[in-house]
Amino acid sequence: MKYFNIKKTEDVIFDTYNGITLPKYYSDRCDTYFAVRNTVLMTDFSHHAIVNVSGDDAWRLLNYFISADLSTIRDEQLLYTLILNNNGNIISDLYIICDNESYFLICEWMNSEQLCRLINECIIDKAHCGEQYLIHQVMPLTPQWRMICVEGPYSWEILSEIFGMDIIGLPFHEFMYIENDVLIMRVGKHGEYCYYIIGDEEKLSKIWESISQLSEKYDLIIGGVGYLKNIRIENPCWEPEVYNVFSRCPIELQMQWAIGYDKDEFIGQDEIKKRSDIGVEQQIVGARIKGIGENIEINIGDPIFYQQQNIGVVIDCGLSYSLNDYIARVLLKYEFAYVDIDDYVIRTKNGDVSFITVSIPFINNLSMKISPTEDSYLNKNRDK
């Protein structure tokens with residue numbers, strides 16, 4: 001796999017994601033953060049699995065394989081969903097694209113071969129139960145196919161200059177082909193306008209160049225995958241390295257909205273319904289730290305107390321550049337998992353830290369205030 005054009009390779013820090021070596025940081029981490037929040041960031045997202053599933057029973061297979069209800073989308077739409085195991089715990093999240101009579105699966109947390117293996121194991125397991133699926137192919141498209149992520153409040157504007165005005169009208173969770181073997185999908189895990197461009201490697205290399213040439217005009221920053229850490233402090237989504245140690249239950253993590261409870265059947269259904277009926281013992285909430293002393297550091301795993309009772313644990317913590325405060329995700333006993341509570345403390349090794357519980361996500365994204373029919377980054381700069 002070749003890298004998309006990098007001007008100053010000596011400034012790039014690389015890391016490995018799903019077995020793929022990609023740029024982690026191109027530039028200052030604050031620059032990439034504020035590009036996502038205020039302008040536009042472009043990133044090589046080629047560590048994602050891209051798999052095509054087709055055949056007469058592709059819909060039936062995938063509707064069983066995933067937690068959400070695949071019948072809620074039609075052609076040219078996509079669905080955010082979860083892959084659960086038989087115990088009802090999260091294996092991964094993914095997007096499914098409905099493309100006529102076949103489907104593309106896009107997954108951040110495993111490579112294409114691993115995703116294909118999971119799907120084929122599902123087919124074999126159901127065959128052992130006497131149910132057969134007529135499937136034409138379960139095919140990995142990477143590394144021949146790659147992915148580019150363009151994210152930020154004005155990402156729609158820079159893309160419309162290249163691909164036309166149809167980009168502006170592309171609804172959330174829909175996609176369109178921009179040429180053969182290249183499609184663009186509108187997503188938004190982090191609360192900002194966000195577009196994934198997926199397709200043939202050679203064609204994406206040219207698209208990368210075209211977008212790069214507009215960098216100065218739109219204050220576009222090219223960043224690495226490492227930017228996700230700071231963004232996801234404020235706009236959390238499924239992250240196995242954060243959650244796996246503490247919980248993979250979608251109800252405890254407040255991701256039950258990605259489950260189609262009324263579906264006839266899906267993997268993990270019995271366990272999920274049981275937990276939903278009985279209730280869970282713990283649940284995630286946000287925490288905004290009131291102040292940290294000089295010698296105090298909050299660590300993952302630090303316990304949380306109400307008076308002398310241990311009621312939970314810190315599962316992630318970091319500085320919010322937008323709020324200019326430290327924030328955290330905490331897993332609390334269910335009866336204590338409410339917002340606007342300021343009676344709890346994090347017990348660090350050097351002393352207690354006060355906080356107030358808040359809802360997640362932590363910030364009001366600029367993209368929620370931007371309208372492509374009324375706003376423009378170029379006009380904004382002219383008005384300064």
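Good morning. The model is a predicted one, in which local features need pLDDT of at least 70 and side-chain atom pairs count only at pLDDT 80 or more, while totals for chains, interfaces and linings use all residues. Residues are numbered from 1 along each chain as its sequence is written, and side-chain values use heavy atoms, with hydrogens and water left out.

Six strands form a closed barrel in the order 14-17-16-15-18-19, with antiparallel pairing. From one strand to the next, the twist averages 45 degrees. Strands here are DSSP runs of E, at least two residues long, and helices are runs of H or I of at least four, numbered from the N terminus; two strands pair if DSSP finds at least two bridges between them. Strand 15 (residues 303–306) and strand 18 (residues 344–348) run antiparallel and are joined by three bridges. Within this pair, Phe305 stands opposite Val345.

I turn now to the cores. A nonpolar core is a set of buried Ala, Val, Leu, Ile, Met, Phe, Trp, Tyr and Cys residues joined through side-chain atoms within 4.5 Å, where buried means under 20% relative accessible area, exposed over 50% and partly exposed in between, with a 1.4 Å probe and protein chains only. The largest such core has 46 residues, and Ile97, Ile106, Met185 and Tyr196 have the most contacts inside it. Strand 5 (residues 78–84) supplies the largest share of this core, four residues. Another core, of 30 residues, lies apart from it and includes Phe4, Trp156, Leu170 and Ile197.

Next, a pair of helices. The axes of helix 2 (residues 58–65) and helix 3 (residues 112–128) come within 11 Å and cross at roughly 100 degrees. Axes are lines fitted to C-alpha atoms, for helices over the stretch in contact, and angles run from 0 to 180 degrees between N-to-C directions. Helix 2 is therefore roughly perpendicular to helix 3, a term covering 65 to 115 degrees; under 35 counts as roughly parallel, over 145 as roughly antiparallel and the rest as oblique. In their contact (heavy atoms within 4.5 Å), helix 2 contributes Leu61, Tyr64 and Phe65, and helix 3 contributes Leu115, Leu118, Ile119, Cys122, Ile123 and Lys126.

Finally, how many of the nine residues of helix 4 are buried? Seven are, and helix 4 (residues 155–163) is thus mostly covered. Trp156 and Phe163 are among the buried ones. After helix 4 comes Gly164, with a positive phi near 100 degrees.
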